[in-house]
Amino acid sequence: MACFTIPNVKLVGISACVPKKVISNLDHPYFSAEQMTPFVNSTGVNQRHIASEEQTTADLCYKAAEDLITKLGWEKSEIDLLILVTQTADYKLPVTSAILQDRLHLPTSCLAMDIPLGCSGYVYGVSTIASLINSGAARKGLLLVGETNSKVVSPFDKSTEPLFGDAGTASAFEYDVNAVPIPFSLGTDGSGYKAIIIPAGGARNKTDETSLEFEQVEDGIKRNQCSLVMDGMDVFSFGISRAPSAVRELMEYTNQDIEEIDYFVFHQANLFMNKKIVKKLKIPEEKVPYTLGKYGNTSSATIPLTIASELKDKLSSGRNQLLCCGFGVGLSWGTMVLNTENLIVTDITQI
Amino acid sequence: MFLQQNNHFKKSIMDINDFIKNFADQFDETPLEQFSSSTNFRDIDEWDSLTSLSIIAMVDEEYGVKLTGEDFRNSNTIEDIFNLVSSRV
């Protein structure tokens, strides 16, 4: 794992937007309450916000970005960096961040790129935006992180559909010589690439006439080759071992104790897995916010969404230290410590 | 070096009966008497994908060993899982 620190970059604001439409797991359109009760008890996901047919990741991120820019009072002409982390982009190409640069009326001098990482994506996104700002490539940057997972899961797959939700978030970073440096620990284990995968639609397995044929894989799991496939056991085994070791590694690197961190914001994978991770690390429960019940697993968006949803009042005044840890698809993981001071956090909007 | 010795120590005391008890503890309703080394875990009424996660967590906590989805697919009995775990401690 690579540990490094980036100075001169400050997180100044976070916003989030979710679709209006809510799907309750105990009143599920396809699965019975009897089928869903053990699932809900184990994963903690009571409901999710799901995009309409017309809504995309860009729509959710656009709204989150506009809300944040307004709240911060930023001039759009000053924003010279836009990064979108998503695995559910609007098109295969071009990058959705380019479309958002135009839609947000950001200047053409703005650098824009997509990063197609999932659960670890927020931490990777912050490391990238912070590197570019620290290098002098930009002064003010927006990190948009969002997913419309509902577009890529099979509606008939009990192992994925009821777990995932949709959300868009925006985080604002600026150059500040007085900023507390951000320490990171990032890692990858591609030997587990099949643990979470959409098999068809890329170059390896091109979309053809068979790709969309639904197949009953096992009881409660029917999907096609373009649906997201998750090996829950592999992901769980990875999460409960890798996430705690990633947190420990970063804290050794920064020479910090659990007591010094105000909040631990973990990727919201599922409650059973997250509780195991927290228990292993012996973190007091009150330092660990959850949003699985309300929003489910929104992959890359879970960390900023949880900050916006659960820590708005706590972070709006004074200084706080947040340890953020994302882990999953790739397999990929990242941990960082963000220092905030009077952080601007908007109310979560629904569109 | 110390770690290796520690693992070696663990290996020498890994006991099938303890393992069966730890395995059975992950089930809420099925009594311990229904578990033996030759029990096919898929035949237990209560067995589902969520129980398998509890087994993975138990093996991680008690033995420090990582089990995968593939391990479960290649196993039938509690003894099969026990053998996998004891070969990795």
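The points that follow concern a predicted model, beginning with the contact between its chains and ending with the nonpolar core.

1. Chain B places 12 residues in contact with 12 residues of chain A. Helices α3 and α4 (69-73) of chain B each contribute at least two residues to the side that touches chain A. The largest share of that side, seven residues, is supplied by α3(B). Sorted by class, the side of chain B that touches chain A comprises six nonpolar, four polar and two charged residues.

2. How do the axes of helix α5 of chain A and helix α3 of chain B cross? The axes of α5(A), residues 232-254, and α3(B), residues 49-63, come within 10 Å and cross at roughly 30°. Because angles under 35 degrees count as roughly parallel, α5(A) and α3(B) are described as roughly parallel to each other. Their crossing is right-handed.

3. The residues of α5(A) that meet α3(B) are Gly232(A), Met233(A), Phe236(A), Ser237(A), Ile240(A) and Ser241(A). Their counterparts in α3(B) are Ser49(B), Ser52(B), Leu53(B), Ile56(B), Ala57(B) and Asp60(B). By class, this contact of α5(A) with α3(B) holds six nonpolar, five polar and one charged residues.

4. The largest nonpolar core has 116 residues. Those with the most contacts inside this core are Cys61(A), Ala65(A), Leu82(A), Leu144(A) and Cys324(A). Helix α5(A) gives the most to the core, with 10 residues.

5. Which residues are in contact with Leu82(A), leaving aside its neighbours within four places in sequence? They are Ser97(A), Leu100(A), Gln101(A), Leu106(A), Cys110(A), Ala112(A) and Leu142(A).

Conventions: Residues numbered from 1 in each chain as written. Chains lettered and ligands numbered in written order. Predicted model: local features only at pLDDT ≥ 70, side-chain atom pairs only at ≥ 80, totals over all residues. Axes fitted to C-alpha atoms, helices over the stretch in contact; angles between N-to-C directions. Helix = DSSP H or I, 4+ residues; strand = E, 2+ residues; numbered from the N terminus. Parallel < 35°, antiparallel > 145°, perpendicular 65-115°, else oblique. Left-handed = near helix turned anticlockwise from the far one by under 90°. Contact = placed C-beta atoms within 7 Å. Nonpolar A, V, L, I, M, F, W, Y, C, P; charged D, E, K, R; others polar. Core = buried A, V, L, I, M, F, W, Y, C linked by C-beta atoms within 7 Å. Buried ≥ 20, exposed ≤ 12 C-beta atoms within 10 Å, placed from the backbone.
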